[in-house]
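Visitor: I would like to go through this model with a few questions. Please show it first.

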Amino acid sequence: MTPNVTRAEVCLLGLGVTDPREIDVRAIAHEVGAAVRIRKLTRCEARIVGTGDRAIISVSEDSGFQRRRFSIAHELGHWELHRGRQFECRAFDIDNAENGPLNPERQADEYAADLLMPWYLFKPRLAQAKHVDLALLEEMHRTFDASLPATALRIADANVEPVIVACYDQSGRRWFKRSKDVPERWFPVDKLDPDTYAADVLTGKRDRTHMSAVGANAWFDAEGIGEYEMREQSLRLSDGKVLVILRITEEAMQVDYGRFGHSTDRSR
Ligand SMILES: [Zn+2]
């Protein structure tokens, strides 16, 4: 979903930001009355304490530069969306797509994504892109200095082509997101099929794969899907999870109503 102008974009436009390199989260915090302190934190990774129209955002000194940047943007999300409440955000509260849409932590993450990757700067850089792959993801990740998962979610939202981004670990699927043109009936498998390239990445055989054709039945559970192919590319993240890009290339799989019934075998 790409609303015309997000709240974060209103803030950036008000500051005259015209290039991703100008998105200075500490300066933005200052503009909205929040001072940022990098300090030792024990109970959380970042927090915000506000009184009236002034706030102090504290971020752990143990976080790396990019993570601190996202954490500050996340706390600014709480400041904008949940003013009057105090938040102590733990590592799994920040930049975590597993949190549901009504969770204030997810809402703060979405504000952070809007602030760090505003559509008015993000979309023009995708205008030449024909396909979604790791090269595109990594280029956007470097340009906007946001984590690979946050950038992948943004690219799915941008709807360059029918694509699903997903994240897996040893316990199974952690989260996924479809671009708008992928029918809602497509749920990537709960557990990685050994026939996927992502399974090789998860087990450590490879760090990343090429964009490759794979049988759609390795990723989806539906009657009649065995005859279709799709494309898959995977990357191991620094925390050991696997980030997967799934391109839905077959027209029959892109239409809302197709010839696929759900298999009765859901055991996979
Ligand atoms: Zn939070």
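Visitor: In which strand is the place of S60?
Guide: The model is a predicted one. In it, S60 belongs to a strand that covers residues 54-60. That element is strand 3.

Visitor: Is S60 buried or exposed?
Guide: The relative accessibility of S60 is 5%. The cut-off for buried is under 20%, so S60 counts as buried.

Visitor: Which residues is S60 in contact with, leaving aside its neighbours within four places in sequence?
Guide: The side chain of S60 has a polar atom 3.0 Å from the backbone nitrogen of D62, but D62 is among the neighbours within four places that are left aside. The contacts that remain are I38, R39, L41, E45 and R68.

Visitor: How many residues apart are C89 and E105?
Guide: C89 is buried at a relative accessible area of 0%, and E105 is buried at 9%. C89 sits in strand 4 (residues 87-89) and E105 in helix 4, so the pair links distant parts of the chain. Their separation is 16 residues.

Visitor: Which residues of helix 6 are buried?
Guide: Helix 6 covers residues 134-144. Its buried residues are covered by elements including helix 3 (65-81), helix 4 (104-116), helix 7 (148-158) and strand 8 (229-236). The buried residues are L134, L136, L137, E138, M140, H141 and F144.

Visitor: Which residue caps the N-terminal end of helix 6?
Guide: Just after helix 6, D145 takes a positive phi of about 55°. At the N-terminal end, a side-chain oxygen lies 3.3 Å from the backbone nitrogen of A135. The residue that supplies this oxygen is D133.

Visitor: Which residues of the lining lie nearest the centre of the second largest pocket?
Guide: This pocket holds about 590 Å³ of space and is lined by 25 residues. Helix 3, helix 7, strand 5 (163-169) and strand 6 (172-178) each supply at least two residues of the lining. Nearest the centre lie R67, D95, S147, P149 and D239.

Key: Residues numbered from 1 in each chain as written. Predicted model: local features only at pLDDT ≥ 70, side-chain atom pairs only at ≥ 80, totals over all residues. Heavy atoms only, no water. Buried < 20%, exposed > 50% of the residue type's maximum accessible area, 1.4 Å probe, protein only. Helix = DSSP H or I, 4+ residues; strand = E, 2+ residues; numbered from the N terminus. Contact = heavy atoms within 4.5 Å. Polar contact = N/O pair within 3.5 Å; in protein donor to acceptor, adjacent residues only side chain to side chain. 1 Å grid on protein atoms, 1.4 Å probe; cavity = no way out; pocket = protein on both sides within 12 Å on 5 of 7 lines; lining within 4 Å. Points joined across faces, edges and corners; volume = space filled by probe spheres on them.
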